[in-house]
Amino acid sequence: MQTKDQKPLKIKLEAELAQLSHDIITVVTASNQEDYSQLRLLLLTQPQSLWPELLEGKSCGILKQKQHRLEQVLAALGQFQMGLFGLCAQCDSAISPEALNHDPATLLCDQCLSQKRNGVNIS
Ligand SMILES: [Zn+2]
């Protein structure tokens, strides 16, 4: 289900990806943590799709938040590539347009999301 309506959402996601990349580089550059200079080099030479892996275990605080968001945005863009955008990653039902407009990186439908929030194990 890939409709014209979803195109602005993709543009939004791509813009957020660019912003996140910029933020992550800024945080890594501004930090005086020693191993970050090496990390920065890696980030600048590797595609963004590998960034969550590169950041894994190295990020804390704000960088960890950015890393998680980056993973979400990349996953949503991946859904676009596969033509699955707007479908719940858990149960394949359609995610409501309201939820997608609120956050285009939403990967779960309202039902699965509330189950997750309530701590129900849905894996
Ligand atoms: Zn679902």
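Here are some friendly notes on the model above, taken point by point.

1. **Ground rules.** This is a predicted model, in which local features need pLDDT of at least 70 and side-chain atom pairs count only at pLDDT 80 or more, while totals for chains, interfaces and linings use all residues. Residues are numbered from 1 along each chain as its sequence is written, and side-chain values use heavy atoms, with hydrogens and water left out.

2. **Overall layout.** The chain has six helices and zero strands, giving the pattern α-α-α-α-α-α along the sequence. Helices (H or I, at least four residues) and strands (E, at least two) are DSSP runs, numbered from the N terminus. Along the principal axes, the C-alpha atoms fill a box of roughly 45 × 35 × 20 Å. Of the 123 residues in the chain, 34% are buried; buried means under 20% relative accessible area, exposed over 50%, and partly exposed in between (1.4 Å probe, protein chains only). Among contacts (heavy atoms within 4.5 Å) with a separation of 6 or more, 48% join residues 24 or more positions apart.

3. **Helix α1.** With 24 residues, α1 reaches 35 Å from its first C-alpha to its last, close to the 34 Å expected at 1.5 Å a residue. The expected span is 1.5 Å times one less than the number of residues in the helix. Buried in α1 are L9, L13, L17, L20, S21, D23, I24, I25 and V28, and the buried residues of this helix pack against α2, α3, α4 and α5.

4. **Either side of α1.** D5 is found in the segment before α1 and counts as exposed because its relative accessibility is 63%. The C-alpha atoms of D5 and Q67 are separated by 28 Å, the two residues being 62 apart along the chain. In the loop between α1 and α2 sits D35, which is partly exposed, with a relative accessible area of 35%. From D35 to G86, 51 residues apart along the chain, the C-alpha separation is 39 Å.

5. **Helix α4.** The 20 residues of α4 (residues 62-81) should span 28 Å at 1.5 Å a residue, so the 29 Å between the end C-alpha atoms agrees. The buried residues of α4 are L63, K66, Q67, R69, L70, V73, A76, L77, Q79 and F80. They pack against α1 (7-30), α2 (36-45) and α3 (51-55).

6. **After α4.** Two backbone angles are worth a look here. G83, which follows α4, has a positive phi near 75°. D92 also has a positive phi, near 70°, in a residue other than glycine. D92 lies in the loop between α4 and α5 (97-102), and it counts as exposed because its relative accessibility is 57%.

7. **The core.** Which residues have the most contacts inside the largest nonpolar core? They are L13, I24 and L43, in a core of 28 residues. Each of α1, α2, α3, α4 and α5 supplies at least two residues of this core, and α1 gives the most, with seven. A nonpolar core here is a set of buried Ala, Val, Leu, Ile, Met, Phe, Trp, Tyr and Cys residues joined through side-chain atoms within 4.5 Å. In soluble globular proteins, nonpolar side chains tend to be buried together. Leaving aside neighbours within four places in sequence, L43 is in contact with I24, I25, V28, W51, L54 and L55.

8. **The largest pocket.** A pocket is an open set of points on a 1 Å grid over the protein atoms alone where a 1.4 Å probe fits, with protein on both sides within 12 Å along at least five of seven lines; lining residues have an atom within 4 Å of a point. The largest pocket has a volume of about 260 Å³, the volume being the space filled by probe spheres set on the points, which are joined across faces, edges and corners. Its lining consists of Q72, A99, H102, D103, A105, T106, L107, L108, D110, L113, K116 and R117. α5 and α6 (110-117) each supply at least two lining residues, and the largest share, four residues, comes from α6. By class, the lining has five nonpolar, three polar and four charged residues. Ala, Val, Leu, Ile, Met, Phe, Trp, Tyr, Cys and Pro count as nonpolar, Asp, Glu, Lys and Arg as charged, and the others, Gly among them, as polar.
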